Amino acid sequence: MKHYSQVAGEISQYSDLPFWKKAGTTDLAYVAYGLFVVTLVLVSYALGALKLLPYDPQQISIGLLNAPPGSGGHLLGTDFLGRDILSRLIVGIQAYFLPGLLAIAISLSLGTALGVVAGYRGGSADPLISYFNDLVDSFPRLVLILLVIAAFKPDIYYVMAVVGVTGVPGVASLIAGKIRFLRQKNFIEAASVLGLPTHVIILKHILWYNCRTLLIIGATLGMGEAILIETSLSYLGFGVQEPTPSWGNMVQAGANYFLQGKFWPSTAPALAILFTILGFHLLGDGLNNILEGKRNK
Amino acid sequence: MRPAAIRPIALALSREIALTALLLLGVSFVVFLILYLSPGDPFSVLLEGQTVGDASRAGIREALGAPRAWYAQYLSWLGNMLKGNFGTSIRTGLPVFGEIVRVGLNTLTLTLGSLLITLCIAVPIALHAAVRGDTALSWPLTMLAYVVSALPVFWLGYLVIYVFIHRFGLFPLISGSSAAQEHAWLYFMVPIAVLGIGNGTVSEVIRYLRDEMSRVMAEDYIRTARAKGGSVWRHAFKEGLLIPVTEIIASKIPFILGGAVIVEQVFNWPGMGRMAWQAAQDRDFPVIMGIAMVAAAFVRLGSLLQSLVYAAVNPRGPQE
Amino acid sequence: MTAPPLLKIENLRTYFYSRSKQAFIRSVDGVSLQIARGETLGVVGESGSGKTITALSILGLISAGPGVISGKIGLRTDTIQKNLLQDLEMYVTLGQRDGKIMDVAKDEAGWRENAERIMGRLRGKEIAMIFQSPKSSLNPFVSIGNQITEAIRLHTSAKDLKGAKERAIYWLERVKIDSPRLRFESYSYGLSGGMCQRAMIAMALSAEPSLLIADEPTTGLDATIQSKIVDLLAELKSEFGVTTLLISHDISVISRLSGSVAVMYGGTVVEYGPARDVLSAGFAPKHPYTGALLASVPSARNIQQKAYLQVIEGEVLDTINLPRGCRFYARCNRVTEAIRKKCAGDEPDLREISPGHHVRCWLYFE
C-alpha cells in the first residue's frame with residue numbers, strides 16, 4: 001500500500017526541499033554509519049600513535065589464552081597468546097592508515113592535475129587517457145603488487161605509491177569529463193572574460209565548487225581499497241610482520257586455532273576489516289546518491 | 001550469420017585486436033620498467049635465463065658486454081617472450097613458460113568457475129530489483145550484498161573449511177591424492193564457491209546489472225513492445241542483460257584474479273596465484289614477470305571476447 | 001439511434017507525485033471523452049496538457065506512482081465489452097479537501113496485477129498505439145520486418161513464420177515503403193524518421209486492432225514528411241475505417257484527419273465537439289483557448305495580410321499548484337467584468353452549447 005499525501009496550502013513552484021530532507025533515509029543512514037566508522041578510525045589512529053592503549057599489544061598473558069570478550073578486563077578478549085585483542089586492533093590501524101592516505105593523495109593530486117590538463121586540451125587527450133585507463137586495468141592489483149615486491153622490497157609505502165599511481169587514470173578521466181561538461185555551460189568562459197586568472201578559475205570554481213564531491217567520494221573509496229590491499233598483503237605475509245599486529249596478519253596467525261574451533265582470534269580482526277571497509281563503501285555510495293540526487297526522484 | 005553482417009564484425013575485431021596488442025605492449029613495458037628500476041641488475045640474470053644451454057651462457061655474459069642500453073635489453077627480452085621463452089625460474093631452474101602453463105589451467109578453472117558463481121548470485125537479484133522495483137526484500141538483499149563484498153575472502157575461506165571439516169569430515173585442500181577420492185568434485189567446488197562469493201565485486205555487479213536493465217526498461221522501444229502486447233523480456237534481453245553481463249565480466253576479471261592469489265593460498269590450490277606468491281617471496285623475477293604478462297593477457301582476452309559479443313549482437317556494427 | 005461509442009472515458013484522473021515538493025502533479029484531472037466507431041477523434045493541446053498521459057492511461061502504460069486513481073474507461077468492440085479500469089475502486093482510497101483530492105492510498109502491486117490481467121489481452125490486439133520519435137520507439141537490435149511479424153503472429157491468425165512474413169511485407173507495401181521485401185531486413189538505424197513511422201504504422205495496423213491511438217505521429221519529423229504521413233493516415237483511414245484517437249499539438253494535422261475534436265488544457269477537456277464547429281475560424285462559440293490556438297497558427301491569409309501572429313500570454317499551467325477558478329483564467333483575453341469573479345473563483349463545468357458541442361467556459365453560461 002502506497003500513501004501519497006499532498007501538503008495543503010501554497011506550494012511554490014521554485015522552492016524545493018533542502019537536500020537532507022529530499023534524500024532517502026537509507027542513504028542518510030549509510031552516510032551516518034560511514035562517518036561513524038571514519039571517526040572511529042581517526043580516533044583509533046590517534047590512540048595508536050600516541051600509544052594510549054588499554055593494554056600493551058605485545059604483552060603475553062599465559063593465564064588468559066583465547067579468552068572471550070569481556071573476561072578479565074579485556075573488552076574484546078585475548079588471542080592465542082593471551083594478548084589483548086582490542087589493543088592489537090587499534091595498533092593494526094597504523095598499518096594501513098598513513099599508507100592509504102599516501103595512495104589517495106597520489107591518485108587524487110596527480111589524477112586531478114592530469115584531468116584538468118586533459119579537460120582543457122579537449123578531445124586530443126581522450127584516447128590517451130582511455131589507453132592508460134585500460135593499461136592500468138589490465139593488471140590484477142595483487143599481481144602488480146607482487147611484482148613490485150619482488151623487484152624492490154615488501155614496503156607498504158612503495159606498494160601504496162604504486163596503488164596510488166594505478167588510480168590516476170581513473171580520477172583523471174572523471175575530472176576531465178566533468179570539466180568538459182562544465183565548459184559547455186559557458187560560465188568558465190564568462191569567468192575568464194571577467195578577468196579571473198586561470199588558476200583561480202581552476203582551483204576555486206571548477207575544483208572546489210564542482211568537483212569536490214567527486215574527490216571526496218574518490219577518497220572514501222580509495223581508503224576502502226587501501227584497507228583491502230594492506231590486509232590482503234599482510235595476510236599473505238608481505239606486510240607488517242609478527243609480533244607487530246596488522247589486521248591481515250592477525251587473521252592469518254589465528255587461522256590454525258580457527259580450525260581447532262577457537263574462532264575469535266581470527267574472527268575479531270576479520271570483523272574489524274568487514275565493518276571498516278563496509279563503512280567506507282557505504283559512505284561513498286550514500287554520498288554519491290545524495291549529492292547526485294538519484295534516489296527517490 | 002548473414003553475409004552483410006560479417007564485414008563490420010571483421011572490422012571491429014581487427015580494431016580490437018590491434019588495440020589489445022598495443023595494450024599488451026604497454027603492459028610489457030610497464031613490467032620491464034619496474035624491473036629496470038629495481039636495485040641490482042636483474043636483467044642480466046633474466047637474459048641469461050632466456051638463453052639455452054649452460055656452455056653458451058657464460059659466453060653470452062661476455063658477449064653482452066657491460067651495461068647495454070635499456071631499449072636493447074627490452075627488445076631482446078620482448079623478442080624472447082614472443083617466442084615463448086620466458087626465461088627460467090631462479091628458484092627451480094625450470095622454464096617459466098612451461099610452469100605457468102602447468103598451473104595456469106588450474107587458475108583458469110578457479111577464475112571462470114567463480115565468475116559463474118558470482119553471476120548466479122548477482123543476475124537474479126539484479127533482475128528482480130530492476131523489474132519489481134522496491135520490494136520488502138530489496139533492502140535486506142542490498143545490505144547482504146554490501147556485507148559480502150566487504151568480507152575478507154581469506155577469513156571466509158577458513159570459515160568454509162571449518163564447516164567442511166566438522167560437518168562433512170572432509171578436508172577440502174587440493175593434494176595429489178584428492179583427485180582420486182570419491183568426493184573429488186567437492187574439493188574443486190569449495191574454493192570456486194568461496195572466490196565466487198567473496199571476491200568483493202558482488203555488490204557492484206548487482207548494481208551495474210540492475211542499473212542497466214532499469215535503463216533499458218525505460219527505453220522507448222520497450223514501451224512500444226509493451227503497447228503491442230509483445231514479450232518485454234525478449235526485447236530487453238540483448239541490451240539489458242546480455243551486453244551488460246559480458247561487460248561487467250570483462251571488467252571484473254582482474255579483481256577475480258587478484259582474489260585467486262589469496263584463495264589459492266587458503267586452499268593450497270596449485271595455481272598461478274600461489275606461484276606468484278612464492279615468486280614474490282623468493283624474488284624470482286622471471287616467474288613473477290611471466291605471471292604478470294599472462295594475467296594481463298587473460299584480462300585482455302576477456303575484453304576482446306566482450307567486444308566480439310557486442311559486435312555480433314549490434315546490427316549497427318561497433319559503436320560505443 | 002446512434003450506436004454506442006467504441007471508447008468512452010469517464011472522469012479519468014491520473015496523478016503523479018513529486019517527492020521533492022510533496023505534492024501531486026495532476027496530469028489528467030477529470031477527463032471525459034468518447035469516440036464513435038469508425039470515427040477519428042483529435043485531441044489537441046499544448047505540451048503538458050495531459051493528452052499523452054490520457055492515452056497511456058487507456059493502455060495501462062503508466063509506471064510511476066500513483067498513476068490512474070479514478071474513472072471509467074469503457075471499451076466496446078465487436079468481440080468485447082469491458083471497463084478497462086474495472087475494480088480500480090478496490091485498490092484506491094481517495095481523500096478530498098475543498099473538493100480537491102489531497103490523499104491517495106493505493107495498492108499499487110495489486111492494481112498493476114489487475115490491470116495486466118485486463119490489458120494484457122487487449123494491447124496490440126484490440127488497441128494499438130503508435131508513438132512520437134519513431135526511431136527510438138523501434139527496437140534497434142531487431143529488424144523492422146521481424147518486429148512487424150511479432151505483432152502479426154501474436155494477434156492474428158497467421159501464426160506461422162512464412163505467412164506472417166508475407167503479411168508483413170504486404171503491410172510494408174501498404175504504408176508505401178519502397179522495396180518492401182528488402183526493407184524487411186532493415187534495422188531502424190538505417191531508416192529515416194519518416195520510414196520508421198511508416199513501419200510503426202504497419203506494425204500497429206497489421207494486428208488489425210479495433211482502436212488505434214496515434215500519439216503525436218508527425219512531431220519530430222521534417223515538415224514535408226509530416227505531410228506525407230498525414231496523407232498516409234488519411235488514406236488508411238478511408239480504406240480500413242479504423243477508429244482512431246489522434247493526439248497532436250499541431251492543429252493542421254488534427255484538422256486534416258479528425259471528425260471530432262477535443263481541446264485539452266491543464267489536464268481537463270475545455271472544448272469538445274465536431275471538428276467543423278470547434279476548428280472553424282469564424283464566429284462560432286468556442287473556448288478562448290481554442291480561439292487563441294487557432295489564431296496563433298500561421299495561415300496563408302495572415303501571411304498575405306502581414307498580420308502579427310497572435311500570442312497566448314502567460315505561462316504553461318503549473319499542474320501542481322492549480323488555481324482556484326478556471327484554469328485558463330490567468331491567460332484568458334476574453335474575460336469580462338461581469339464574469340470575472342466567477343472565472344477567478346469557480347471552475348466551470350463542461351456544458352453543451354449546441355448539438356454535440358461542449359465548452360467549459362463562464363462566457364457561455366447564465
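Chain A has 11 helices and one strand. The structure is a predicted model. Chain A has 297 residues, and 45% of them count as buried. Among the contacts in chain A with a separation of 6 or more, 71% join residues 24 or more positions apart.

Chain B can be described in the same terms. Its secondary structure consists of 13 helices and zero strands, so the order of elements from the N terminus is α-α-α-α-α-α-α-α-α-α-α-α-α. Of the 320 residues in chain B, 41% are buried. For contacts in chain B with a separation of 6 or more, the share that links residues 24 or more positions apart is 75%.

The largest nonpolar core contains 143 residues. The residues with the most contacts inside this core include Val143(A), Leu146(A) and Leu147(A) from chain A, and Ala276(B), Ile288(B), Ile291(B) and Ala292(B) from chain B. The element that gives the most to this core is helix α3 of chain A, residues 85–121, with 16 residues. Leaving aside residues up to four places away in sequence, Val143(A) touches Leu257(B), Gly258(B), Val261(B), Ala276(B), Ile291(B), Ala292(B) and Ala295(B). A second, separate core has 97 residues, including Trp111(C), Trp171(C), Ile247(C) and Val261(C).

The last stop is a pair of helices in chain B. Helix α9 of chain B spans residues 202–217, and helix α11 of chain B spans residues 232–267. How do these two helices lie relative to each other? Their axes come within 9 Å and cross at roughly 155 degrees. Angles over 145 degrees count as roughly antiparallel, and α9(B) and α11(B) are therefore roughly antiparallel to each other. The crossing of α9(B) and α11(B) is right-handed.

Which residues form the contact between α9(B) and α11(B)? On the α9(B) side they are Val205(B), Tyr208(B), Leu209(B), Glu212(B), Met213(B), Val216(B) and Met217(B). On the α11(B) side they are Ala236(B), Glu239(B), Gly240(B), Leu241(B), Pro244(B), Val245(B), Ile248(B) and Lys252(B). Sorted by type, the residues of this contact comprise 11 nonpolar, one polar and three charged.

Notes
Residues are numbered from 1 along each chain as its sequence is written. Chains are lettered from A and ligands numbered from 1 in the order in which they are written. This is a predicted model: local features need pLDDT of at least 70, side-chain atom pairs count only at pLDDT 80 or more; totals for chains, interfaces and linings use all residues. A nonpolar core is a set of buried Ala, Val, Leu, Ile, Met, Phe, Trp, Tyr and Cys residues joined through C-beta atoms within 7 Å. A residue is buried if 20 or more other C-beta atoms lie within 10 Å of its own, exposed if 12 or fewer, and partly exposed in between; C-beta atoms are placed from the backbone. Helices (H or I, at least four residues) and strands (E, at least two) are DSSP runs, numbered from the N terminus. Two residues are in contact if their C-beta atoms, placed from the backbone, lie within 7 Å. Axes are lines fitted to C-alpha atoms, for helices over the stretch in contact, and angles run from 0 to 180 degrees between N-to-C directions. Angles under 35 degrees count as roughly parallel, over 145 as roughly antiparallel, 65 to 115 as roughly perpendicular and the rest as oblique. A crossing is left-handed if the near helix is turned anticlockwise from the far one by less than a right angle, and right-handed if clockwise. Ala, Val, Leu, Ile, Met, Phe, Trp, Tyr, Cys and Pro count as nonpolar, Asp, Glu, Lys and Arg as charged, and the others, Gly among them, as polar.
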